[in-house]
Amino acid sequence: MLSDITIGQYYKENSFVHRLDARMKLILTVLFIVIIFLCKNFFALALMLLLTGVSVILSKVPFRMFFKSIKPIVPIILFTVILNMIYIRGGTVLFSWWKLELTSKGVFTAVFMAFRIICLIFCSSLLTYTTAPTELTDAVERLLSPLKVFHVPVHSLAMMMTLALRFIPTLIEEIDRIMNAQKARGADFESGKFLNRVKAMIPVLIPLFVSAFRRAYELSFAMTCRCYHGGDGRTRMKQMKYRVADFVCIFVFAVALVGVILLNNFFGRLI
């Protein structure tokens, strides 16, 4: 399961999505999330599913990478589906037993919510797969630069966010290595009672915290040796600039927003 977690990973490729400006990708990601939550029926959601599929194809990132990002979230998706099927009432009664009643509206809502969550995961994964951590840091800093007027440490916030994303795969590999070492010493993480499995994780957490603090110290020492002192006076080797493709993408997403609003008004709420 740990090897399937792909949060924060960057997939190097020369694709249309990779070449987009990092600032535009952040803006489009936020806009995509807003549009997804505006969808009120399956027709509007189908439009966003189509846009998601086209974006994934243009990114040239293998589909298995996106399915890996979904796999750890499957329990949450199933839990959401079950809750919607049980508690949402309305429409035709499909199944009834004691106090449990399964209705058509509950099924439609459950399927709708599942696809909405999948779209959100694909969208967020596409951002990290196609944007290098350094580009993401610069993009966040540039977009939040107006907050410097209010003395907000924009550069520090962007750096902390990027470092957190960067070290998620490293920490996952570290957890996997420690667990394998503990299994070789006879530790059992998969069988027994729940309390026993929780206790078995203690020998994993202590070395993990020690390793995390050691990496943080090594990173701070390396940054100090390179005379890093924050964002003041820093220059960038690669300057960001918007291209024609970026404006084309924002136009496509604007059309998708208008399309979702029209589909919501024309077909109404189907869930």
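## Helix packing and salt bridges

Let's start with Arg215, which is partly exposed because its relative accessible area is 27% (buried means under 20%, exposed over 50%, partly exposed in between, with a 1.4 Å probe and protein chains only). Keep in mind that this is a predicted model, where local features need pLDDT of at least 70, side-chain atom pairs count only at pLDDT 80 or more, and totals for chains, interfaces and linings use all residues. Residues are numbered from 1 along each chain as its sequence is written, and side-chain values use heavy atoms, with hydrogens and water left out.

Arg215 forms a salt bridge with Glu174 (a side-chain nitrogen of Lys or Arg within 4 Å of a carboxyl oxygen of Asp or Glu). Glu174 sits in helix H7 (residues 154–184) and Arg215 in helix H9 (residues 202–225), so this pair ties together parts 41 residues apart in sequence. Helices here are DSSP runs (H or I, at least four residues), numbered from the N terminus. Shared partners join Glu174, Arg177 and Arg215 into one network of salt bridges. Glu174 counts as buried because its relative accessibility is 6%, while Arg177, at 49%, counts as partly exposed. Glu174 and Arg177 are three residues apart in H7, about one turn of the helix.

The count of salt bridges comes to four, including these:

| Pair | Closest N to O |
|---|---|
| Glu174 and Arg215 | 3.2 Å |

Arg23 and Asp21 are both buried.

Now for the helix packing. The axes of H2 (residues 42–59) and H10 (residues 244–267) come within 8 Å and cross at roughly 160°. That makes the two helices roughly antiparallel (over 145 degrees; under 35 is roughly parallel, 65 to 115 roughly perpendicular, and the rest oblique). The axes are lines fitted to C-alpha atoms over the stretch in contact, with angles from 0 to 180 degrees between N-to-C directions. Among the residues that meet are Phe43 and Leu47 in H2, and Val252 and Phe253 in H10 (contact means heavy atoms within 4.5 Å). By class, the contact of H2 with H10 has 11 nonpolar, two polar and no charged residues.

H2 also packs with H5 (residues 104–130): their axes come within 10 Å and cross at roughly 25°. That makes H2 roughly parallel to H5. Phe42 and Leu45 in H2 are among the residues in this contact, as are Phe108 and Arg116 in H5. Here the classes are 11 nonpolar, four polar and one charged.

Conventions
Ala, Val, Leu, Ile, Met, Phe, Trp, Tyr, Cys and Pro count as nonpolar, Asp, Glu, Lys and Arg as charged, and the others, Gly among them, as polar.
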